[in-house]
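These are my notebook entries on one structure, kept in the order in which I looked things up. I begin with the packing of a helix, then turn to the ligand, the aromatic rings, some loops and the backbone.

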Amino acid sequence: MSERFETKTVHISHAPLAEEASKVTPIYQTSVFAFPGLEEVEQYYEGKRNYLYTRNGNPNQAELAAAVASLEEAEDGVSAASGMAAIMAGLLAVLSPGDHILAADQLYGGTYSLLAKELARFQIELDLIDLQRATSLAEFVRPTTKLLYLETITNPLLSVPDLPHWIREAKAHGLVTMIDNTFATPYLVRPIRYGADLVVHSATKYIGGHSDVTAGVLVGRADLIRRAREVIVNYGASLSPFEAWLAARGLKTLALRMERQCDNARKVAEFLRSHPAVAQTYYPTEEETAFFHCRKQGAMVSFRLRDESSVYAFYRALRWIKLAPSLAGVETSVSHPLTTSHRSLSEEQRQASGITLGLVRLSVGIEAYADIIGELAAALSPAGA
Ligand SMILES: Cc1ncc(COP(=O)(O)O)c(C=O)c1O
């Protein structure tokens with residue numbers, strides 16, 4: 001290497017230290033990979049080398065995708081720039097213009113917008129189903145229906161559809177099933193065991209677990225993941241290596257975090273149910289979650305204040321529980337679905353779905369539960385007065 005300053009500053013990076021393997025996967029913070037010669041470039045195109053250009057693939061993206069695929073017991077997986085990017089890739093891997101989708105009527109607002117606004121532009125039609133009323137898909141299925149889309153624990157009212165039943169129904173009609181398992185995580189339930197074709201995560205949530213990463217992962221049938229990977233590459237929705245590394249690091253404590261957060265949430269739900277200022281508490285029941293692989297009901301609790309207009313005073317009165325429109329961090333946080341995730345719903349949809357002014361969504365963290373309850377009790381007393 002030249003001793004000239006200009007050349008040395010540019011070529012400063014280390015050669016890989018093969019004999020000093022790092023215990024933790026390094027961050028491959030590179031947009032492109034280098035090759036000794038044209039023969040090796042050719043090997044990439046022949047499938048004998050893995051990486052060429054980070055938008056097409058990167059070891060950190062692959063590590064996260066493989067880890068989630070393994071935990072979900074899926075054949076393959078792919079990571080994406082966000083949960084929405086992963087959802088888009090899964091949908092576009094399956095759907096073409098003229099197709100029809102069936103989805104649960106309780107959906108994350110962003111997913112609803114993608115289905116109802118963006119896919120509609122490609123002549124992909126949508127029907128929403130009230131899974132608490134319906135018992136079969138027969139009356140909703142059309143000759144063009146391709147896919148059933150559900151969330152394991154719905155957002156924000158936390159009901160749990162009978163996944164084994166709906167997946168069986170979808171299969172009977174030849175539909176692909178795509179399940180958003182963000183709220184439950186594979187710690188609680190692995191939808192692939194019930195026959196789901198695709199499972200999607202906003203890894204921004206429990207997989208990352210520390211509110212410091214935006215990422216998505218899609219896992220499932222190898223043929224569909226292969227197609228979804230092409231969609232991600234072609235639409236430019238790839239995950240950055242650093243975000244992938246953070247999400248993979250967060251994943252290592254998923255089981256510990258979920259165990260503690262679910263136990264705390266159960267106690268918080270009990271407290272809210274008996275509080276006079278709270279009109280209604282939403283928390284999955286043991287009956288609803290009977291098909292979960294783990295005897296827990298999740299770490300999200302929603303509740304409606306008796307005096308809905310006191311919601312402003314409630315949020316102001318919180319001292320250390322932060323108002324933050326996301327979930328699943330190690331710190332307990334609250335959000336307000338009506339004015340954030342679900343603000344694109346029409347007034348009619350809001351009333352029909354129960355997402356009203358007084359609805360509070362609580363993401364329960366890993367703190368001592370007595371402190372969480374103490375903080376809520378203090379904030380609810382002026383609200384309930
Ligand atoms: C259930 C669910 N799915 C998908 C998403 C979208 O994920 P992201 O914000 O990472 O794009 C969210 C975001 O809140 C969510 O709550």
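**Entry: helix H5.** I looked up what lies over the buried residues of helix H5, and the cover includes H4, strand E2 (100-104), strand E3 (125-129), strand E4 (145-151) and helix H12 (347-353), where I take contact to mean heavy atoms within 4.5 Å. The buried residues of H5, which itself spans residues 109-118, are Gly109, Thr111, Tyr112, Ser113, Leu114 and Leu115. By buried I mean under 20% relative accessible area, by exposed over 50%, and by partly exposed the range in between, with a 1.4 Å probe and protein chains only. Helices (H or I, at least four residues) and strands (E, at least two) are DSSP runs numbered from the N terminus.

**Entry: basis of the values.** I note that this is a predicted model, in which local features need pLDDT of at least 70 and side-chain atom pairs count only at pLDDT 80 or more, while totals for chains, interfaces and linings use all residues. Residues are numbered from 1 along each chain as its sequence is written, and side-chain values use heavy atoms, with hydrogens and water left out.

**Entry: the ligand.** I listed the residues around the ligand, of which there are 13, and found that Met84, Asp180, Ser202, Thr204 and Lys205 come nearest; a residue counts as near if one of its heavy atoms lies within 4 Å. The shell divides into five nonpolar, six polar and two charged residues, where Ala, Val, Leu, Ile, Met, Phe, Trp, Tyr, Cys and Pro count as nonpolar, Asp, Glu, Lys and Arg as charged, and the others, Gly among them, as polar. Helix H4 (residues 83-94) gives the most to this shell, with three residues.

I then looked at polar contacts, meaning pairs of N or O atoms within 3.5 Å; within protein, one atom must be able to donate a hydrogen and the other to accept it, and residues adjacent in sequence count only if both atoms are side-chain atoms. A polar backbone atom of Gly83 is 2.9 Å from an oxygen atom of the ligand, and a backbone N or O atom of Met84 lies 2.8 Å from a ligand oxygen atom. On the side-chain part of Asp180, an N or O atom is 2.6 Å from a nitrogen atom of the ligand. On its own the ligand has 390 Å² of accessible area, and the protein covers 89% of that, by the Shrake-Rupley method with a 1.4 Å probe.

**Entry: aromatic rings.** I found seven aromatic pairs in the structure; rings of Phe, Tyr and Trp (its six-membered ring) pair if their centres lie within 6.5 Å, with planes under 30 degrees apart counted as stacked, over 60 as edge-to-face and the rest as tilted. Tyr44 and Tyr45 form an edge-to-face pair, 5.1 Å centre to centre with 85 degrees between the planes. Which of these two is buried and which exposed? Tyr44 is buried at a relative accessible area of 15%, whereas Tyr45 counts as exposed at 57%. Phe314 and Tyr315 also form an edge-to-face pair, at 5.5 Å and 65 degrees, with Phe314 buried at 0% and Tyr315 buried at 12%. Tyr194, Phe291 and Phe292 are linked into a cluster by ring pairs.

**Entry: loop residues.** Thr54 sits in the loop between helix H2 (38-45) and helix H3 (59-72) and counts as buried because its relative accessibility is 9%. Beyond residues up to four places away in sequence, Thr54 touches Thr30, Ser31, Val32, Phe33, Gln61, Ser238 and Pro241. Lys48 is found in the loop between H2 and H3 but counts as exposed at 62%, and its side chain makes a polar contact of 2.9 Å with the side chain of Glu46.

Val364, in the loop between strand E12 (359-363) and helix H13 (369-384), is buried at 0%, and its contacts beyond four places in sequence include Gln261, Val301 and Ile372.

**Entry: backbone.** Most residues other than glycine have a negative phi, and most peptide bonds are trans.
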